[in-house]
Structure formats: structure tokens, C-alpha cells
Amino acid sequence: MEWTQLKVNGKLEDKETICAVMMLLDNQIMIEDYSDIDMDTVYADLIDESILNCDKTKIAVSIYVPEDKSLAEYAAFLRDRFRDLGVECDIEFVGVDEEAWSTAWRKYYHPTKIGEKLVVVPLWETYEASEGEIIVHMDPGMAFGTGTHETTRLCASLLEKYTRPGDHMLDVGTGSGILAICASLLGAGDCYAYDIDPVAVRVAKENMEENRVTNVTCGVSDLLRDVDRTQPYTICTANIVADIIIRMAPDIGELLADGAVYITSGIITERAEEVRAAMLENGFAVLDEVRDNGWTAFAFSPVR
């Protein structure tokens with residue numbers, strides 16, 4: 001089996017955060033940190049000069065991805081998590097030809113059922129829907145959220161369960177726009193999808209057009225800062241990370257209607273109780289909890 005090194009280059013001050021996020025994908029990480037290496041602490045003549053001269057304010061953290069895994073999904077996952085956490089870093093692949101990479105990642109995406117009815121179909125694939133299936137056509141582009149990751153599937157399954165006709169829907173950190181598209185195709189009314197990354201917003205808009213979804217408004221917003229507040233939302237999704245969900249806990253309630261459903265995902269199971277406690281502390285009740293392969297998603301509702 002062939003392996004590809006996925007390497008994240010960042011600042012030394014962000015070392016713990018970068019390592020924690022990388023370990024969401026693989027427990028075996030390789031850390032390049034030369035901050036403790038200098039003439040006073042080691043026998044310098046035994047160490048390569050290039051290492052001695054490395055920038056000691058920088059680190060690199062790597063994992064090795066097997067050939068049967070999607071590099072695109074890994075990279076998009078990391079970009080979204082680091083962006084939401086405010087960590088500046090670069091992602092690179094060691095051992096992948098750039099020209100080949102531009103199209104090779106497509107081989108990992110095939111029609112995928114992500115709920116009882118929802119099926120995600122890449123734009124370059126053909127698929128004949130069975131009776132009752134709802135097809136979501138996706139071009140992953142540079143945005144996270146193709147339906148193949150557990151966090152997206154968990155959200156989609158809860159959307160199937162809780163979306164009601166005419167729901168006023170909000171998707172925070174929309175990525176590819178897949179959750180807003182799913183909500184629309186499940187019968188929601190006006191939907192609003194936001195992301196801090198303009199590239200993600202562009203990709204989301206393109207995916208809306210491909211699915212002939214006309215009731216979703218996409219926009220740039222830093223979490224809740226610039227979302228439309230014309231009327232309360234009756235269903236909301238946030239497939240982000242535990243830290244951000246906890247950070248939004250004191251504020252999200254003011255955007256939600258009585259009886260609204262707030263679906264959260266992107267939570268590693270080890271952090272689930274922290275998220276639950278934060279939401280309960282801020283006036284929410286747990287409606288549902290689902291898990292898949294080390295990930296947890298919740299459906300909450302405000303208690304008033």
C-alpha cells in the first residue's frame with residue numbers, strides 16, 4: 001500500500017492546537033519542532049546544519065494517509081477546523097504530483113447514501129435514483145462537506161428526522177453548502193448558509209445552482225456575526241468543532257424560535273459531554289444524540 005504524507009506547517013505557539021486537530025484524523029502524528037535545539041543544549045557537530053538553522057518559531061505536524069483514503073476530504077476537513085479555530089497554517093502533500101492531484105482526488109467520490117432518503121452524487125457520476133430517494137449533486141471543489149465524512153452524514157440523518165415543511169433554516173459554517181441543500185430538498189422554506197471563507201461561499205452557490213435550489217441564500221459571515229436576523233430560525237445546523245459550538249452556545253439561542261431544532265456535529269466523542277454541558281447551561285434540552293466512528297452529533301432545542 002502507498003502512503004502520502006499530509007503535512008501542516010504552522011506557528012510554534014499553535015503547536016498544541018495543530019496537534020489536537022491532526023489527531024482527530026490519526027493518532028500517530030509526526031512533529032517537527034526544533035525550538036529546543038541550539039548550540040548550548042546539544043552537540044551541534046552531530047546535527048545537520050539545516051536543522052540547526054531551521055526557523056524555531058515554526059513547527060510541522062504530519063500524518064500519513066493510505067491510498068484508499070481521500071486526500072481532498074482530509075485537507076478540506078483540516079482547512080475548515082483550523083479556520084474556525086483561528087489558526088494560520090499551510091497544508092501540503094509530500095509525494096503527490098500537483099498536476100495529477102488536480103483530478104486524481106475524484107476517484108474517491110462515488111454516489112453515497114447519507115440517510116434514509118438522501119444520496120450524494122458527484123457531478124461527474126451518473127446515478128439512477130430508487131423510489132423515494134432524494135439526490136444531492138455535489139462538486140466538492142475546495143470546500144469541506146461532500147457527504148462522505150461521518151460528521152456530514154450524522155447531520156444529514158438528523159435533518160431527515162427533524163426538518164419540517166416550510167422551516168426557516170440556518171447553516172453556520174456551510175462549507176460546500178450540502179446541509180442547506182439537504183434541508184431545502186427535504187422541504188424547508190427559506191434557508192441561509194454562511195461561511196467565513198469566500199471560496200466556500202462561492203462553491204456553495206455553485207452547488208445550489210447544480211441542484212436547482214433557489215430558496216437558499218449564501219453569504220460570508222464570521223460564525224453568527226453577519227447572519228440574517230429578520231426572523232427566528234426553526235432549524236439550524238453547525239457542523240464545525242466542539243470549541244466553536246461551545247463558544248456559540250451563549251448566543252445561538254437568540255436566533256432560534258421556540259421549539260427550534262439546533263443540530264451540531266464535528267464533535268469527537270471525547271468532547272461530547274463538554275458540548276452537552278455548555279448547551280444545557282445556556283438553556284437547551286437534548287432532543288437526540290447520534291454517533292458514528294468516534295464522532296457525535298446532537299439535536300438540541302431551546303427551553304423557554
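Predicted model: local features only at pLDDT ≥ 70, side-chain atom pairs only at ≥ 80, totals over all residues.
**Entry 1: helix 5 and helix 6.** I looked up the axes of helix 5 (residues 150-162) and helix 6 (residues 178-185), which come within 10 Å and cross at roughly 20°. Angles under 35 degrees count as roughly parallel, and I therefore recorded helix 5 and helix 6 as roughly parallel to each other. I then listed the residues that make the contact: helix 5 contributes T152, C155, A156 and L159, while helix 6 contributes I178, L179, C182 and A183.

**Entry 2: helix 8.** Which residues of helix 8 (residues 242-252) are buried? I recorded A242, I244, I245, M248, A249 and I252. These residues cover an arc of only 160° around the axis, so they lie on the same side of helix 8. I next looked up what covers the buried residues of helix 8. The helices I noted there include helix 3 (71-84) and helix 9 (272-281). The strands include strand 8 (169-172), strand 11 (233-239), strand 12 (256-268) and strand 13 (284-292).

**Entry 3: the whole chain.** I noted nine helices and 14 strands in the secondary structure of the chain. The chain has 304 residues, of which 50% count as buried. Finally, I looked up the contacts with a separation of 6 or more, and residues 24 or more positions apart account for 69% of them.

Methods
Residues numbered from 1 in each chain as written. Heavy atoms only, no water. Axes fitted to C-alpha atoms, helices over the stretch in contact; angles between N-to-C directions. Helix = DSSP H or I, 4+ residues; strand = E, 2+ residues; numbered from the N terminus. Parallel < 35°, antiparallel > 145°, perpendicular 65-115°, else oblique. Contact = heavy atoms within 4.5 Å. Buried < 20%, exposed > 50% of the residue type's maximum accessible area, 1.4 Å probe, protein only. Arc of directions from axis to C-beta.
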